Amino acid sequence: MDGITCPSPSRSPSARQDQEGFSDMLNDETITSIADELVEAGRSRTPVKRLTSRYPEMTIEDSYRVQNLWRERHEAAGRRLAGRKIGLTSRAMQAATGITEPDYGIIFDDMVLENASSIEWKQYTHPRVEVELAFVLKEDITGPNATIFDVLRATEYVTPALEILDSRIEMEGRTIVDTISDNAAMGAMVLGGRPVAPDAVDLRWVAAILYKNHVVEETGVAAGVLNHPASGVHWLANKIAPHGDGLKAGEIILAGSFTRPMWVNEGDTVFADYGELGTITCHFA
């Protein structure tokens, strides 16, 4: 995006060593360089070489430092936070990626699309689509001891959502470090279907059928997300609490996919049927 500048990373090496007990980390200059690359990759739609092939010592903490700096720079350019995404919460997604722990990223307001949107395929790199539930919060959720019951109390409604995955880092051989640095591969999301109160249905048994061009490609049940889709939300609240962060009222939280990612090409139409929770569709023009 035009007008993006680069603030300094918010945490120093000594702070990380003192607070978290790590002795090795990438220096601030390297973190800044990586964030520069990822911003430019977003502009040019040209993925950069896998980070872990160039920085084998890079840690998960380093990757969140990159993501946080990437976020700060885009916010400085005028983008506004709309919520968070949780990734790699289901066995289906972990098997598809070879990564065995959840991650998270942020959602800007311009990433939230309406049902039946026509989406320019070329604005994304290697786009894929996932089936999810989105939690829209009416109250804050703060860790470190948040529970699934806190999530259900704090949720105004749950609604079907499609996540569009994007890639600013080359796909082959990616690790969780690469994915986190790449804002957990968040590209955009499409909201649709029928919003429901969190106690109106058994969220574990919400199912979806995912079609591409009228052909069933994936099916899944929301219990595939950590046994309950709300589990990922309290995991996230607790995960970000040590950094002085929390989930805020009004935010949209994408709880994680319960199908494998589906590749889409220019001209494809995507349709997801959530049964009693309605349908979502979008077209990649």
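Where is Pro144 found, relative to strand 5 and helix 6? I looked it up: Pro144 is found in the loop between strand 5 and helix 6 (148-154). My helices (H or I, at least four residues) and strands (E, at least two) are DSSP runs, numbered from the N terminus.

**Ground rules.** I am working with a predicted model, where local features need pLDDT of at least 70, side-chain atom pairs count only at pLDDT 80 or more, and totals for chains, interfaces and linings use all residues. Residues are numbered from 1 along each chain as its sequence is written, and side-chain values use heavy atoms, with hydrogens and water left out.

Gly143 and Pro144 are joined by a cis peptide bond, with omega about 20°. Leu88 is not a glycine, yet has a positive phi of about 60°; this residue lies in the loop between strand 1 (81-87) and helix 5 (91-97). His214, also not a glycine, has a positive phi of about 75° and sits in the loop between strand 8 (207-212) and strand 9. I then checked accessibility, where buried means under 20% relative accessible area, exposed over 50%, and partly exposed in between (1.4 Å probe, protein chains only). Leu88 is buried at 7%, whereas His214 counts as exposed at 76%.

**Arg168.** Is Arg168 buried or exposed? Arg168 is buried, with a relative accessible area of 6%. I found Arg168 in the loop between strand 6 (155-165) and helix 7 (176-181). Its side chain makes a polar contact with the side chain of Asp182 at 2.6 Å. For that term I used a pair of N or O atoms within 3.5 Å; within protein, one must be able to donate a hydrogen and the other to accept it, and residues adjacent in sequence count only if both atoms are side-chain atoms. Leaving aside neighbours within four places in sequence, the contacts of Arg168 include Leu38, Ala41 and Asp182.

**Helix 2.** Leu38 and Ala41 are among the buried residues of helix 2. Helix 2 (residues 28-44) has 17 residues and reaches 24 Å from its first C-alpha to its last, close to the 24 Å expected; the expected span is 1.5 Å times one less than the number of residues. What covers its buried residues includes helix 3 (51-54), helix 4 (60-76) and helix 7. At its start, a side-chain oxygen of Asn27 comes to within 3.2 Å of the backbone nitrogen of Glu29. Just after helix 2, Arg45 takes a positive phi of about 60°.

**Strand 7.** Five of the six residues of strand 7 (residues 186-191) are buried, so this strand is largely enclosed by the rest of the structure. Two strands pair if DSSP finds at least two bridges between them. Strand 3 (residues 112-114) runs parallel to strand 7, with three bridges, and strand 6 runs antiparallel to strand 7, with five. Val190 in strand 7 has Leu113 opposite, and Leu162 also stands opposite Val190.

**Core.** Which residues touch the most other members of the largest nonpolar core? Leu162 is one of them, as are Phe135 and Val270, in a core of 79 residues. Strand 5 (residues 128-137) gives the largest share, seven residues. I took a nonpolar core as a set of buried Ala, Val, Leu, Ile, Met, Phe, Trp, Tyr and Cys residues joined through side-chain atoms within 4.5 Å.

Notes. Contact means heavy atoms within 4.5 Å.
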